[in-house]
Amino acid sequence: MALLDRIKWDGMLNNAEWLVYRYPGEAFTTGSQLIVGEGQVAVFVKGGQALDYFTAGTYTLSTANIPLLSNVINLPFGGKTPFTAEIYFINKTSKLDIAWGTIDPIQLIDPKYNIKLRVRAFGQLGLKVADYRVFLTELIGAMQQRDVVHYSKMVSYFKGILVMKVKTLIAQAIIRNKVSALEISASMETIADYCQAEISEEFNRFGLKVVNFFIQSINFPDEDFAEINRILGEKASFDIIGDQRYVTKRSFDAIDLAAANEGGPAGTFTGAGMGLGLGVSLGGAMGGLTSAINTQAPAAAGQKACPQCGAMNPPAAVFCSACGGRVASETVKCPSCNFDNLPGSKFCISCGTALTAQKSCGKCGVENEQDAKFCRSCGTKLEE
């Protein structure tokens, strides 16, 4: 085997796609000239162990500048001594345009709207070799059948762990920070920083450094957004017109929908309702129809009937949702703080004043405030 006295790699110097190049010769001599280009590092390997390395420059090999290798192979001082070793050239520049993406959707529950989301994400990351010895030690086994390793080959080694970690980290960031689907765009930088910090530990084990990590998009199917938009629309209706009025509006919407389907059973029912409009106003017909629906339907627990039209209303209702009549019973006003208490109350729940010690009208029997001089019902003068 011929001894080599000039060690240099001339090919692909400007190609950022290459990562590692194994020099084809293994027989060298002290006094040989080693030329390392810009953006390269030359590493001497013996017996699978990465020893001395050289950055950009021109070197004359001697026992003085390859001390670790000299100790392994017991090179004597002086003269041109032959020795064998493997030399690897490593691209130490950063590779910043490595694309990544989730293969299948990330299944999770939106923390704000409680609907299932199918999250997809993609972006870029940048890598560089930080620890040459660790990197070569971990990679030499994969170099046995090739002279050049490209970044794409190296990324394929990490693709599985990278995608798995990114999916887990994005899901954790969304759930732990309660980031809703509609707020995800404003949080992508924070999520990206969190992912970079976590995946860096995995790459550091192989002598690699994650220079940057970007999330270009976190997206969801259109049908997931449609469900969120429906929820937001209903919420807006509640906020604008109030809960009870919104319920009433929805009941009228159901009647209008039935009227648009006159061919079926709903149309027959609605047709009968519309027949009520002959000879009466539309408002009266709709009010009667609503009352009929409410009175025929079984009353929910705690609901109370309107004394005017019989429509069922929620327990807290003061006025009827069908006719507008007063549903709530007459309250007991506190003589001290004027708070309206529930019927039958003996003490005010606001200030604690007794409510039963009131003046009773001798003519009509109506209870009046203690300082009243005339009955609030019939006007009779009250006894002092």
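Guide: The following account treats the sheet, then the helices against it.

This is a predicted model, in which local features need pLDDT of at least 70, side-chain atom pairs count only at pLDDT 80 or more, and totals for chains, interfaces and linings use all residues. Residues are numbered from 1 along each chain as its sequence is written, and side-chain values use heavy atoms, with hydrogens and water left out.

The open sheet comprises five strands in the order 5-4-8-2-12, and the pairing is antiparallel. Helices (H or I, at least four residues) and strands (E, at least two) are DSSP runs numbered from the N terminus, and two strands pair if DSSP finds at least two bridges between them. The edges are formed by strand 5 (49–54) and strand 12 (148–150), each of which pairs on one side only. On average, neighbouring strands are turned by 20 degrees against each other, direction ignored; axes are lines fitted to C-alpha atoms, for helices over the stretch in contact, and angles run from 0 to 180 degrees between N-to-C directions.

Within the sheet, strand 4 (residues 40–46) and strand 8 (residues 86–91) run antiparallel and are joined by six bridges. Here Val-41 stands opposite Ile-90 of strand 8.

Helix 2 (residues 132–139) lies across strand 2 (18–22), strand 4, strand 5 and strand 8, and runs at about 140 degrees to strand 5.

Methods
Contact = heavy atoms within 4.5 Å.
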